[in-house]
Amino acid sequence: MNIAVYTLTSELHDEQAVNGVTREFLSSIDMTGVLKGSDYSDYGTHALDLIYVRTGGTEGIFKRLLPTLLEQSRRPFYLLTSGKSNSLAASMEILSYLRQNGLRGEIIHGKTAYIRQRIALLAKAGEALQRLQGLRLGIVGEPSDWLISSHADKRKVQELLGIELVDVPMQELLDVLGETPQEPMAGARHIHEALKVIVERHQLQGFTLRCFDLLTAVHNTGCWGLAKLNAEGTVAGCEGDVPTLLSMTIVQALLGVSGFQANPATIDPETGELLFAHCTIPLNLVERYELDTHYESGIGVGIRGYMKEGPVTIFKVSGDLSRCFIAEGELIRNQAKPDLCRTQQVIQLKDIDKTKYFLTEPIGNHHVIMPGHHQEVLSEMLKALG
């Protein structure tokens, strides 16, 4: 993992004794090979930067360093301590000072197994955040007219995630499409190829598509193209929904899959059971799939995908990144009712009370469903943003 350990040491302590404790402690948590010492010149460039407070009496040293560190990184400060030589007390004083000044931090201290686990989690979150830096995401057409809350703050997205949002006119895609085959599957493949042209032309790592315009323009859907592109590694979202695109991109950076964009169709607040549905799903998320028509229009190609039952996480960030929703649950069954969007998942939330979010303070209607339980690492990623 891309981790660095920097040191804070009081001059009053015996260097030889401190070095001996350092070797023993860092060896116990498998961090010996990443020691940077007191040279902070590349602080902030790693997935995780740890400040190892080796002794007491280091508070003033940290205070003098702080302005330089703030220029190099806006992430929280992670203070690693063994507890030897009054290092825990010094770490507490430093963290208190940070909080007094509106800055974030955490002391990493405890048994060896806990420290290892905590470092691994923070590094995983940091690595995912690094993968987001410099990405270009397209908005092909504007958000669909009914998505009145699903826009994004481009400045905030650039500042906090390092992602550039690029507007691509819908007409540009239609021009690339040209004459589209009328046979549904041939037309769906043609749309997939046209979307790939847009991705390559604008050097995009992902995009969201105002896909319902295709129903009238070419009498087909983008469902197949989006499913294929997601499986090929390009994050591809529906309906021009930018917050959901951001959510899918975060999931892709963390897990290597972009997740299933869907909206709740029914919610049982008494049992915590939710039914999510949509007409496309990444093909690398499903065990098998069937082709059908697009639900609302009855034309083109829709996808009924069957994801493996088991642990899942539901996730969404707002367009200005000020809010998020994360909930773990179990995919208890896939279903195929004719009166819903084609891919249908019934999910049981671990925390029944989280159904209240959907009914009182939702972040739009679309949410992202991913396999596995990932609430802890997603929370750490978003906390690092501020």
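The dialogue below reads the salt bridges of a predicted model.

Q: What is the general idea behind a salt bridge, and how many does the structure hold?
A: Side chains of opposite charge can pair when their charged atoms come close. The structure holds 18 salt bridges.

Q: Which side chain meets D30 in a salt bridge, and what parts does the pair tie together?
A: The partner of D30 is R116, with an N to O distance of 3.6 Å. D30 sits in the loop between α1 (15-28) and β2 (35-37), while R116 belongs to helix α4 (residues 112-132), so the bridge ties together parts that are 86 residues apart in sequence.

Q: Is D30 buried or exposed?
A: D30 is exposed, its relative accessible area being 55%. R116 is partly exposed, at 39% relative accessibility.

Q: With which residue does E164 form a salt bridge?
A: E164 pairs with R136, and their closest N and O atoms are 3.1 Å apart. This pair links distant parts of the chain, 28 residues apart: E164 is in strand β7 (residues 164-168) and R136 in strand β6 (residues 136-140).

Q: What is the relative accessibility of R136?
A: R136 has 21% and counts as partly exposed, because buried means under 20% relative accessible area. E164 is partly exposed too, at 34%.

Q: Which residues are linked in a network of salt bridges?
A: The network joins R288, E290, D292, R304 and R342. One of its bridges runs between E290 and R288, whose closest N and O atoms lie 3.3 Å apart. E290 is partly exposed, with a relative accessible area of 30%, and R288 is partly exposed at 47%.

How values were computed
Residues are numbered from 1 along each chain as its sequence is written. This is a predicted model: local features need pLDDT of at least 70, side-chain atom pairs count only at pLDDT 80 or more; totals for chains, interfaces and linings use all residues. Side-chain values use heavy atoms; hydrogens and water are left out. A salt bridge is a side-chain nitrogen of Lys or Arg within 4 Å of a carboxyl oxygen of Asp or Glu. Helices (H or I, at least four residues) and strands (E, at least two) are DSSP runs, numbered from the N terminus. Buried means under 20% relative accessible area, exposed over 50%, partly exposed in between (1.4 Å probe, protein chains only).
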